[in-house]
Amino acid sequence: MAVLAGLAAPLALPALLVPFRGSFPNTDAALALILVVVAVAANGYRLAGILAAVSAAVWFDFFLTRPYEHFTIAILLLVIGVAVTEIAVWGRRQHAVASRRAGYLDGINAAAEAAASGSSPSALTEQVAGQLTRVLSLAACRFQYGAAGLGRPARLRHDGTVLVADRPWDTDANGLPRGTDTELLVEGGGIFQGRFLMTPGPDAGPTLEQRLLAVALADQVGAALAAGHPVGRE
């Protein structure tokens, strides 16, 4: 729908203005077309915005620029349209990042509140497992007490890096390793409590920021469990 709007809307407006093109400055029409491009580009979809900019430039020249019904190059209108599209895409991306980070903070606050309210350990670990599933795009996540390295899974370390068979894994390029679970150790006050065992989903390619958030969530669990549920040392 956005692509169709990008193609059709800049054509429809100049066509409607043809009967009146001798009675108003074509700069006004150019401004109106820029508004159309802005409206199309506002959804943050780059292709639709660029198509709208190209379409606006073409039909502005064809219908509203002398000599009429010939194509000349409306460079300024095209450049402005593309620039508006890029600004819209950037703004949409920044809004998405801000919303995602707000969600991250909400997740950490929710875990902290659950720990402070004295929620049962199982309720807390289940809540954080659900948050880890959403943040890291996991297929499954479960908490195990007192188990580290069992089954030799991959490991998400506290600096956000991932090890597979004790070797660094390029998570940014390859996502979480497939064919194996990834463990995230939970400690509190230097005391090992357990681990989250995470099964990656098909789209599990978490950024470093998301991996560090996972570590922060695990630290919340570790702090809550350490006070009254020490299990042992790694």
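How many bridges join strand β5 (residues 182–188) to β6, and do the two strands run parallel or antiparallel? Seven bridges join them, and the strands run antiparallel. The legends below describe this pairing and its surroundings in a predicted model, in which local features need pLDDT of at least 70, side-chain atom pairs count only at pLDDT 80 or more, and totals for chains, interfaces and linings use all residues. Residues are numbered from 1 along each chain as its sequence is written, and side-chain values use heavy atoms, with hydrogens and water left out.

View 1. Strand β6 spans residues 191–200, and eight of its ten residues are buried (under 20% relative accessible area, with exposed meaning over 50% and partly exposed in between; 1.4 Å probe, protein chains only). Helices (H or I, at least four residues) and strands (E, at least two) are DSSP runs, numbered from the N terminus; two strands pair if DSSP finds at least two bridges between them. Glu-183 has Leu-197 of β6 as its bridge partner.

**View 2. Helix α5 and its buried face.** Helix α5 (residues 121–136) has 16 residues and reaches 22 Å from first to last C-alpha, close to the 22 Å expected at 1.5 Å a residue; the expected span is 1.5 Å times one less than the number of residues. Among the buried residues of α5 are Leu-124, Val-128, Leu-132 and Leu-136. The buried residues fall within an arc of 165 degrees seen down the axis, so they line one face of the helix; the arc is that of the directions from the helix axis to the C-beta atoms. Glu-126 and Arg-134, on the other side, are exposed. Ser-137 follows α5 and has a positive phi, near 55 degrees.

**View 3. Leu-136 and Arg-211.** Leu-136 counts as buried because its relative accessibility is 2%. Its contacts (heavy atoms within 4.5 Å) include Met-198, Ala-204 and Arg-211, not counting residues up to four places away in sequence. The C-alpha atoms of Leu-136 and Gly-205, 69 residues apart along the chain, are separated by 7.2 Å. Arg-211 lies in helix α7 (residues 208–228) and is buried at 5% relative accessibility. The Arg-211 side chain reaches the backbone oxygen of Pro-206 at 2.8 Å.

Methods:
A polar contact is a pair of N or O atoms within 3.5 Å; within protein, one must be able to donate a hydrogen and the other to accept it, and residues adjacent in sequence count only if both atoms are side-chain atoms.
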